[in-house]
Structures are given as C-alpha cells and as structure tokens.
Amino acid sequence: MLFYAHSGIRYLILLFGIAAILFALFGVLTRREFSPRMQTVMSLYAASIHIQILSGLALLLSARFPPALIGHIFMMLFAAAVAQIVSSVNRRRPHEERTWMPYLVGSGVSFLLVLGGIVAIGRPIFGSGM
C-alpha cells in the first residue's frame, strides 16, 4: 500500500510543478506585477515533494534497499532543496523586490530533477510500469 501511495503522490508533484512553471512563465511573459499567489503555488509544489520524500523514507525503511535507488533518492532530494530554497528566499524579500524569474527558474530546475528522479529508477513519467 505504501508503494502505491508513493507512486500516486508523483502525480500531485507533476501537477503542482506544471502549475508553478506555467504561472511563473505567464508572469514573466506578461510582465505583470508579482502576485503573492505564486508563493502559494510554489509552496504547494515544495510541500508535495516533501511529503513524497517522507513517504519514500517510510518505504525505504520498510523494504530492502536496492542500490539502483541511490540516483533516484539524490535527484529527489536536490529537487526538494531547489524548490524550498526558491520559496524560502523569496518569502523573506520585501514584496516590492519579488520577481517572477526566480520562481520560473527554480520550479523548472526542480521539475527537471523530479523527472530525472522518476526516470532514474526505470519508471515511466505517466503510468505504473514496473
């Protein structure tokens, strides 16, 4: 059951990641004033990755540890770090100094790391191929 929960959470991560990228891209392309909603979307994306890491840790502690997971684990940890750093650094900035670009770059890099982490264990991005 834990494995299926861990596999299913990736769809939330993909959804929130795409939402963060598209929202930031929209802000950059339209040159609109920064919206606090971007911080909310990025926080949801980062939180979903953190939940995934916790479920992955529980899964790891409950089963054997195949060495093939090392690349997956590190890519996902780096994805979580990138998403969290962008969110935390910009939260501390005054509202007037916040821009869309750090969110676009951070969510894009983090999303690519998530995709790489999924592929690193031989799983398809969409589907449940084993």
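Reader: What should I know about the model before we start?
Author: The model is predicted, so local features need pLDDT of at least 70 and side-chain atom pairs count only at pLDDT 80 or more, while totals for chains, interfaces and linings use all residues. Residues are numbered from 1 along each chain as its sequence is written, and side-chain values use heavy atoms, with hydrogens and water left out.

Reader: How many helices and strands does the chain have?
Author: The chain has 4 helices and 0 strands, in the order α-α-α-α along the sequence. Helices (H or I, at least four residues) and strands (E, at least two) are DSSP runs, numbered from the N terminus.

Reader: Which residues touch the most other members of the largest nonpolar core?
Author: They are Met38, Met42, Tyr45, Ile49, Tyr103 and Val114, in a core of 25 residues. Helix 1, helix 2, helix 3 and helix 4 each give two or more residues to this core. A nonpolar core is a set of buried Ala, Val, Leu, Ile, Met, Phe, Trp, Tyr and Cys residues joined through side-chain atoms within 4.5 Å.

Reader: What is Tyr45 in contact with, beyond its neighbours within four places in sequence?
Author: Its partners are Ile13, Phe16, Gly17, Ala83, Ser107, Ser110, Phe111 and Val114. Contact means heavy atoms within 4.5 Å.

Reader: Turning to helix 4, what covers its buried residues?
Author: The cover includes helix 1, helix 2 and helix 3. Among the buried residues of helix 4 are Tyr103, Leu104, Gly106, Ser110, Phe111 and Val114. Val109, also in helix 4, is partly exposed, with a relative accessible area of 39%.

Reader: What span should helix 4 have?
Author: Its 20 residues should span 28 Å at 1.5 Å a residue, and its end C-alpha atoms are 28 Å apart, which agrees. The expected span is 1.5 Å times one less than the number of residues. Gly122, which follows helix 4, has a positive phi near 80°.

Reader: How many aromatic pairs are there?
Author: The structure holds 5 aromatic pairs. In one of them, the ring centres of Phe34 and Trp100 are 5.2 Å apart and the planes are at 55°, so the pair is tilted. Rings of Phe, Tyr and Trp (its six-membered ring) pair if their centres lie within 6.5 Å; planes under 30 degrees apart count as stacked, over 60 as edge-to-face and the rest as tilted.

Reader: Where do Phe34 and Trp100 lie in the chain?
Author: Phe34 is in the loop between helix 1 (2-30) and helix 2 (36-62), and Trp100 is in the loop between helix 3 (69-92) and helix 4 (101-120), so the pair links distant parts of the chain, 66 residues apart. Phe34 counts as buried at 7% relative accessibility, and Trp100 counts as buried at 8%.

Reader: Which residues form an aromatic cluster?
Author: Phe23, Phe34, Trp100 and Tyr103 form one aromatic cluster.

How values were computed. Buried means under 20% relative accessible area, exposed over 50%, partly exposed in between (1.4 Å probe, protein chains only).
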